[in-house]
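Subject: Structure handover

Hello,

Here is the structure I promised you. Please open it and keep it beside this email while you read.

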Amino acid sequence: MVSRVLIDGYKSIGRLEMELENFTLLSGVNSAGKSSVIQAVLYVLQMEKQYGRFPAGRNSDFGKFVDIRNNIKGNKEIQFELDIQEGGTGTATIGVNMYVEGGLDKVTFRTSGQGQRYTDRYRAIHLSVERVGVQNFYPLSASDPGEIGDRGEYVYSYLALYGQESLAEEAFAYDVEQVGLSMNNQVNYWLEYLMGFRIQTRIVQDVDQVVVTYSNVGNNRYYRPQNVGTGVTYMSMLIIAALSCQKGDMLIIENPEIHMHPRAQSRFVELLAFLTGRGLQVILETHSDHIYNGMRKCVKNGKLRKEQTAAYFLELDESMQTKADRIRFNDQGAEENHPYGLFDQFDDDLDELLGI
């Protein structure tokens with residue numbers, strides 16, 4: 001599990017150190033550094049995975065140093081660092097430094113600790129905010145059948161290829177006796193619970209495309225994605241990605257609330273809490289109080305332990321640099337501290353409507 005991230009001199013972040021738990025939620029105002037934290041985590045893991053092909057001093061394709069450094073701090077180096085913990089085997093630290101040398105952007109990778117590389121055993125699955133939406137066809141991934149894609153472009157390929165098989169991680173199967181162990185059954189259980197729909201996929205071999213159709217639980221007729229709510233497509237994408245994971249993997253989702261009804265948002269956190277309790281690490285970036293309160297509700301009803309949970313509120317300080325407040329919860333999911341601006345708008349608007 002990635003237990004800590006350190007970022008120094010990147011975009012709006014002067015220096016930021018955050019503890020990551022099994023379930024970590026990032027919230028806050030726009031352009032305050034939430035996505036930058038995710039980018040740092042993903043970049044270090046990418047470098048760790050590919051280090052054999054990334055010798056020290058290679059030019060960076062992460063972005064030009066002059067564009068991504070913290071200009072207020074005026075640093076000459078950007079530093080990312082992750083701590084990896086695995087049971088009783090101790091902690092490994094991996095990091096990336098970016099700088100300019102001889103007029104060229106350079107990157108060096110460093111690591112400390114024992115054992116195999118973290119990414120030899122675990123995957124980081126990332127769904128960006130710019131996910132694919134409703135389409136007539138979705139691409140079939142021929143080069144890597146297990147691929148999901150940052151935009152979720154291959155989630156339906158994954159379901160079409162592995163739908164009849166057991167989940168990649170059998171511990172992630174919910175109520176096997178009633179639901180069954182196959183990927184199709186598990187995906188449809190959660191999609192029905194969250195959205196009231198079921199999904200089926202079909203591969204069109206001649207063109208390497210996947211056709212997706214949906215059925216409302218009230219009838220057995222299947223419809224094209226264009227004829228059901230957009231949120232059904234987006235939710236099915238999240239469910240498939242989550243259930244493609246295995247123990248030790250990291251699932252990162254930006255704005256899971258896109259196109260979602262508040263009830264579906266809250267219930268989706270129940271799925272993530274279920275998987276978190278069985279070995280998945282989750283990072284969510286969200287602007288939704290329904291996602292946030294869904295997490296708190298899972299703490300209260302015991303689906304998430306407060307020790308497994310980290311929630312941060314990010315904003316810019318007086319010098320326009322990122323600061324992050326960690327919100328603490330008791331066993332009932334109640335906040336022990338509440339930063340001003342954390343999902344306060346509903347109360348502020350209601351007070352104005354009531355003339356308070």
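First, a term you will need: helices (H or I, at least four residues) and strands (E, at least two) are DSSP runs, numbered from the N terminus. This is a predicted model, so local features need pLDDT of at least 70, side-chain atom pairs count only at pLDDT 80 or more, and totals for chains, interfaces and linings use all residues. Residues are numbered from 1 along each chain as its sequence is written, and side-chain values use heavy atoms, with hydrogens and water left out.

**Aromatic rings**

Start with helix H5, residues 183–195. Trp190 and Tyr193 both sit in this helix. They are three residues apart, about one turn of the helix. Rings of Phe, Tyr and Trp (its six-membered ring) pair if their centres lie within 6.5 Å. Planes under 30 degrees apart count as stacked, over 60 as edge-to-face, and the rest as tilted. The structure holds 13 such pairs. In one of them, the ring centres of Trp190 and Tyr193 are 6.1 Å apart and the planes are at 75 degrees, so this pair is edge-to-face.

Trp190 has 3%, so it is buried. Tyr193 has 27%, so it is partly exposed. Both belong to one aromatic cluster, together with Tyr174, Tyr189 and Phe274.

**Salt bridges**

A salt bridge is a side-chain nitrogen of Lys or Arg within 4 Å of a carboxyl oxygen of Asp or Glu. How many does a search of the whole structure find? It finds 13.

Look at Arg4. Glu17 forms a salt bridge with Arg4, and their closest N and O atoms are 2.8 Å apart. This pair links distant parts of the chain: Glu17 is in strand E2 (residues 13–19), Arg4 is in strand E1 (residues 2–10), and 13 residues separate them. Arg4 has a relative accessible area of 14%, so it is buried.

Glu81 also forms a salt bridge with Arg4, with the closest N and O atoms 2.4 Å apart. Here too the pair links distant parts of the chain. Glu81 is in strand E4 (residues 77–85), 77 residues from Arg4 in strand E1. Both Glu81 and Arg4 are buried. Now widen the view: a network of salt bridges links Arg4, Glu17, Glu81, Asp83 and Arg110.

Another salt bridge joins Lys323 and Glu315, with closest N and O atoms 3.7 Å apart. Lys323 is partly exposed, because its relative accessible area is 36%.

**Nonpolar cores**

A nonpolar core is a set of buried Ala, Val, Leu, Ile, Met, Phe, Trp, Tyr and Cys residues joined through side-chain atoms within 4.5 Å. The largest has 62 residues. Which of them touch the most other members? They are Phe23, Tyr156, Tyr214, Ile239, Leu243 and Met295. Helix H6 (residues 230–243) gives the largest share of this core, ten residues. Another core lies apart from it, with 38 residues, among them Leu26, Ala40, Val41 and Val44.

Contact means heavy atoms within 4.5 Å. Leaving out residues up to four places away in sequence, Thr309 touches Glu21, Phe23, Met295, Val299, Leu304, Arg326 and Phe329.

Next, Ser27, in strand E3 (residues 23–28). Ser27 is buried, with a relative accessible area of 1%. Residues up to four places away aside, Ser27 touches Lys34, Thr286, Tyr312, Phe313, Leu314, Leu342 and Phe343.

**Cysteines**

A disulfide is a covalent bond between the sulfur atoms of two cysteines. The cut-off used here is a pair of cysteine sulfur atoms within 2.5 Å. By this rule there are zero disulfides. Cys245 is buried, at 0% relative accessibility. Cys298 is buried as well, with a relative accessible area of 0%.

Best wishes

Technical notes
Buried means under 20% relative accessible area, exposed over 50%, partly exposed in between (1.4 Å probe, protein chains only).
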